[in-house]
Amino acid sequence: MTPLDQAKQRINTLRNEIDQHNYRYYVLDDPQITDQHYDQLMRELQALEAEYPQWVSADSPTQRVGAIVEGPFATVEHEVPMLSLDNAFGEDEMEAFNKRLADRVDVDDTLEFCAEPKLDGLAVSLLYRDGRLVRAATRGDGRKGEDITANARTLKSVPLKLVGASPPSLVEVRGEVYMTLSGFDALNAQQRSNQKKVFANPRNAAAGSLRMQDPSITASRPLVFCAYAIARLEGMDLPVTQYQQMQRVKQLGLPISAHIETVDGVDGCAAYYQKMLQQRAQLPYEIDGLVFKLNPVDQQRQAGFVSRAPRWAIAWKFPAQEVQTRLLDVEFQVGRTGALTPVARLDPVLVGGVTVSNATLHNMDEIERKDIRIGDTVIVRRAGDVIPEIVSAVLSQRQKGAKQAVMPDTCPVCGSEVSRAEGQAAYRCNGGLVCAAQRKEAIRHFASRKAMDIEGLGEKLIEQMVDLGMVASIADLYHLELEQVSGLERMAEKSATNLLRALDKSRQTTLSRLIYALGIREVGEATAEALARYFADLEPLMKATVEQLVEVDDVGPVVADSIRHFFDQDENREVIDRLLAAGVEWPPIEKPAGDSERLAGKTYVISGTLENYTRDEASARLKALGARVSSSVSKKTSAVIAGDKPGSKIDKAQNLGVAVLDEAAFEQLIGVHDDET
DNA sequence: TTGCCTCGAGATCA
DNA sequence: CTCGAGGCAA
């Protein structure tokens, strides 16, 4: 053997050994060598690869840290959507979950679940082709996420190469990237000694670390991957239970939870819950609950999905951490529509790793119901992990001075009268656009991304412009001059030019964006879209009667009234005139043609849950073909599309002699082929 | 609702 | 260096 061959062989040996040690450490949790020894192997490999650069390959353990990728992360589409999980808080809700499944699944026995802790990190998808890691992505909105391959490659618990001689041609593994508690502490100690900012909690540290532009920073962060599902598998048989699937994942060389096990029925789930609750404090990472998945895959199939989550899985959450603090004050925030929302100002407290100082109290009824007073000691928690909520007041600690929060009778911002409409919970400032708060909110909404998308026009800028009287309404935005804008705080010539350019760009818009941007009460993105489609232009919408408006899908009498009322106001019509005069325009909406007319004149009703479509999706498919989708069955209904668990609509359809289509017939109707599901 | 990163650009200081 | 805006995640 030549020295060259020897070197090549040694390189291969080293790579295999290092991969093997990673596998032993991260997957089997059974390291066989010391860190020093591992580093030594690494250094030897690096030296050899430096000497023979022609043999460096992308999946060598030395090649985890790649180059900096400039600019934003690329978007990737999830072929199989990354769904969320339904939550349960307590055994009752687990019972309900179990019962729902038992009704749906064709089994008489106790249901078997695959159980594991729910790690508190962020969801990531790893895609391997022919055993090589080719893509890593964040969850995003579930359909589209961000490509974070370069960063994911730096995690040693993420194999660049799968184990085994004949890996599947394609496998997509989903899991959680998290930070261990000790890793988090060490990182923060290091941050502190480098005079850098410390992270608030392991989850945010993990999320931030994965979004770094420079992979070498990600590499220095103590991130770990743990798989929890196979999303796709090709070129290999998929095991028939969740548990076995996870064992397969482990065989392929990816780490899975050390606590995964199968349990029987709600009793089994409850026992597992108790056990993990005991262990929780000793675990080296944070968990916020447990996940239970129906174990047999064929039963999962029978259970199916609801719109955003599988019906066959649930997250049994641990009780949210509750903390006491003082309610310092209740302030009233004026929203875009003038609604006055009470907001609690709290003495800042740490709740689950995040400082909470504000919490919405929703409305006065809620304050009364909970009998919360200013000065009270209150119990705060983060509901659904995110939104802070005041659970209750600690009555035993109520001081003499505790004051009732009182809805002001005049608007705190503009002094206009405040009133409560019949039968509504909300109090409103009647100042309309006289009210600076409403003006600011209206402009903010107008400029927002889903509306006119005016880049650079943020809260602080709007604040300044309204306070200085530069803009009173959205129409004034288009008359701003460079000199005015460049006089504002933090706005020099460059920023001002950019803002004017962004404003100019926003003149070219779409009808639905404009309708949404106007901020008509009750008209959100979807309604704006429906109105634009139906009326195809602004004129007819402005003139439409309430009777015409309710003809539009999803527009009822309340929304119709609100729209009519909006266009009846002189000031609103004037604002629209000025917007149009300023050059706001949109491409004409073409009447659908060809295939998009195929179902014109037909009306469908959807009942129950479809396997492969949410109701919105199904109704969008039908509408795209020119059909109408209605919510109640009448003689005029062309057919009822019945999914799982259809309601009384089916009976009604049968009484009226209206056709009923199952999901397969529905797919045929909309022209879906087998390869499109 | 909060925390994190990134970008562009203004502010500040040498 | 610091700030505002924007985007993302739970």
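Buried, in this talk, means under 20% relative accessible area, with a 1.4 Å probe and protein chains only. Keep that cut-off in mind for helix 1. One caution before we start: this is a predicted model.

So, helix 1. It covers residues 3-27, which makes 25 residues. From first C-alpha to last it reaches 35 Å. Which residues of helix 1 are buried? Going along the helix, they are Ala-7, Ile-11, Leu-14, Arg-15, Ile-18, His-21, Asn-22, Tyr-23, Arg-24 and Val-27. Note that Arg-15 and Arg-24 are in that list. And what do the buried residues pack against? Two helices: helix 2, at 35-51, and helix 8, at 242-251. After helix 1 comes Asp-29, and its phi is positive, near 55°.

Next, strand 3, residues 112-119. Why do I call it largely enclosed by the rest of the structure? Because six of its eight residues are buried. Look at its partners. Strand 9, residues 261-264, runs antiparallel to strand 3, with four bridges between them. One pair to find on screen: Phe-113 with Val-263 of strand 9. Strand 10, residues 287-294, is also antiparallel to strand 3, and here there are seven bridges. The pair to find there is Pro-117 with Leu-290 of strand 10.

Now the DNA. How many residues surround DNA strand C? There are 20. The closest are Ala-123, Thr-138, Arg-203, Gly-456 and Lys-460. By type, this surface has nine charged residues, six nonpolar and five polar.

Which part of the DNA faces the protein? Count the atoms of DNA strand C within 4 Å of the protein: 83% belong to sugar or phosphate, and the rest to bases.

Ala-123 places a backbone N or O atom 3.0 Å from a phosphate oxygen of DNA strand C. Gly-140 also uses its backbone: a polar atom there is 3.4 Å from a phosphate oxygen. Arg-449 uses its side chain, with a polar atom 3.2 Å from a phosphate oxygen. As for elements, strand 4 (122-129) and helix 13 (459-467) are the ones that give two or more residues to this surface. Helix 13 gives the most, with three residues.

To recap: helix 1 packs its buried residues against helices 2 and 8. Strand 3 is largely enclosed, with six of eight residues buried. And at DNA strand C, helix 13 contributes the most residues. Thanks.

Technical notes:
Residues are numbered from 1 along each chain as its sequence is written. Chains are lettered from A and ligands numbered from 1 in the order in which they are written. This is a predicted model: local features need pLDDT of at least 70, side-chain atom pairs count only at pLDDT 80 or more; totals for chains, interfaces and linings use all residues. Side-chain values use heavy atoms; hydrogens and water are left out. A residue is near a molecule or strand if one of its heavy atoms lies within 4 Å of it. A polar contact is a pair of N or O atoms within 3.5 Å; within protein, one must be able to donate a hydrogen and the other to accept it, and residues adjacent in sequence count only if both atoms are side-chain atoms. Ala, Val, Leu, Ile, Met, Phe, Trp, Tyr, Cys and Pro count as nonpolar, Asp, Glu, Lys and Arg as charged, and the others, Gly among them, as polar. Buried means under 20% relative accessible area, exposed over 50%, partly exposed in between (1.4 Å probe, protein chains only). Two strands pair if DSSP finds at least two bridges between them. The expected span of a helix is 1.5 Å times one less than its number of residues. Contact means heavy atoms within 4.5 Å.
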